[in-house]
Amino acid sequence: MKSSLRPKKTNMKTIMLTGRGGPEVLEMTDTVKPSPQAGELLVRVSAIGINYANVLIRQGVYMGDHPLPFVMMAELEGVIEAVGEGVTGMKPGQRVTGVAARGYAEYATLRADETYLLPDDLPHGQGLLAQGLTARYLLAQAQGYRSVLITAAAGGVGSFAIQLAKQEGATNVIGLVGDKSKIGFVNSLGADHCFSYLEEGWQQLVSQATGGTGTDLILDAIGGDISTALLPQLSTNGTMITYGNTSGKPVQVDGNLLSFKAGRIKGASIMNASREDQREWFYKMIGQLKKGELKTTLTFFPFEKAVEAYRAIDSRIATGKIVLSL
Ligand SMILES: NC(=O)c1ccc[n+]([C@@H]2O[C@H](COP(=O)([O-])OP(=O)(O)OC[C@H]3O[C@@H](n4cnc5c(N)ncnc54)[C@H](OP(=O)(O)O)[C@@H]3O)[C@@H](O)[C@H]2O)c1
């Protein structure tokens, strides 16, 4: 007998990590649509924000490895399709954002208690604030700073850190970037100075920009030679916060220099921020985005073009955040 009911869609487009290395290890495939477990939401994904952690996962150098092939975790935006047992205060049709353990797909499950509701009128992709929350957390680790130096300043975390540091009253915000084509972008975010660390003599330019006294705070995610060269730029009692290592190389610490400056180097990870603080920062940032007090710069690629999106990040030319649109 012919049924008038159409079969429910049980398969979904999924991007699978099939190897370790360049963007080509990402492959489109079909997987089965998940069901929400207790305390979870099933979300129809509309946007995926690429964070540098995804690049590290792709390269196989991120903590907590998985056997191949697998679906990467993702920061995403979407609309609730179904709620699992025990979920209160959230219902189908609402717009949300969160981090899914298996996020590179048309549908994903999110833990309801780690998910944020989004206003319907927020522009597409603007709820992807993982890098903004990181910047907020990093600055909360330092008290009373007036000057701050930010590496990878045109990137996701960096572009928020510049704006938030200015909002907190920093009087001298210095951005550092690789390609000098990014300098104008960093200045447009409110930086007082911006230099390229690929250009000869950048250390002297930084030193001049601090009046020779160094900066109270350095936010660094690069490591290696650049970070080593930054340590002399710390002011007396200054702090370098190291929160990433894109160079893949260690920082050489000159103990004499550090003791002479009474300086310190501190590690920081957003994973150590409380859920309550993150929630408060998140909604404050959403309010600021809506009022135009905070800018997020998004570059969209179709979901199917994820390989190209990752190439844009690997090229180090991208500014702000790269987003996959579904
Ligand atoms: N600890 C935490 O809680 C936390 C949270 C989020 C992100 N992070 C870290 O923060 C950093 C920024 O993350 P993001 O998502 O905002 O990325 P992003 O800044 O948008 O992109 C990474 C940037 O790093 C710079 N870079 C410097 N050396 C590089 C190299 N050898 N290879 C590739 N890129 C290099 C590039 O900018 P230039 O060429 O202009 O330098 C690139 O644009 C990453 O290291 C990430 O792991 C840490």
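Predicted model: local features only at pLDDT ≥ 70, side-chain atom pairs only at ≥ 80, totals over all residues.

Residues are numbered from 1 along each chain as its sequence is written, and side-chain values use heavy atoms, with hydrogens and water left out.

**Aromatic pairs**
- Rings of Phe, Tyr and Trp (its six-membered ring) pair if their centres lie within 6.5 Å, with planes under 30 degrees apart counted as stacked, over 60 as edge-to-face and the rest as tilted; by this rule there are five aromatic pairs.
- One of them is the edge-to-face pair of Tyr116 and Tyr283, with 5.9 Å centre to centre and 85° between the planes.
- Because Tyr116 lies in strand β7 (residues 116-117) and Tyr283 in helix α8 (residues 275-291), this pair ties together parts that are 167 residues apart in sequence; helices (H or I, at least four residues) and strands (E, at least two) are DSSP runs, numbered from the N terminus.
- Tyr197 and Trp202 also form an edge-to-face pair, at 6.3 Å centre to centre and 80° between the planes.
- Tyr116 and Tyr283 belong with Phe282 to one aromatic cluster.

**Burial**
- Tyr116 is buried at 10% relative accessible area, whereas Tyr283 is partly exposed at 35% (buried means under 20%, exposed over 50%, partly exposed in between, with a 1.4 Å probe and protein chains only).
- Tyr197 is buried at 7%, and Trp202 is buried at 6%.

**Charge over a ring**
- The charged end of Lys33 sits over the ring of Tyr107, 4.3 Å from its centre (the criterion is NZ of Lys or CZ of Arg within 6 Å of the ring centre and within 35 degrees of the ring normal).
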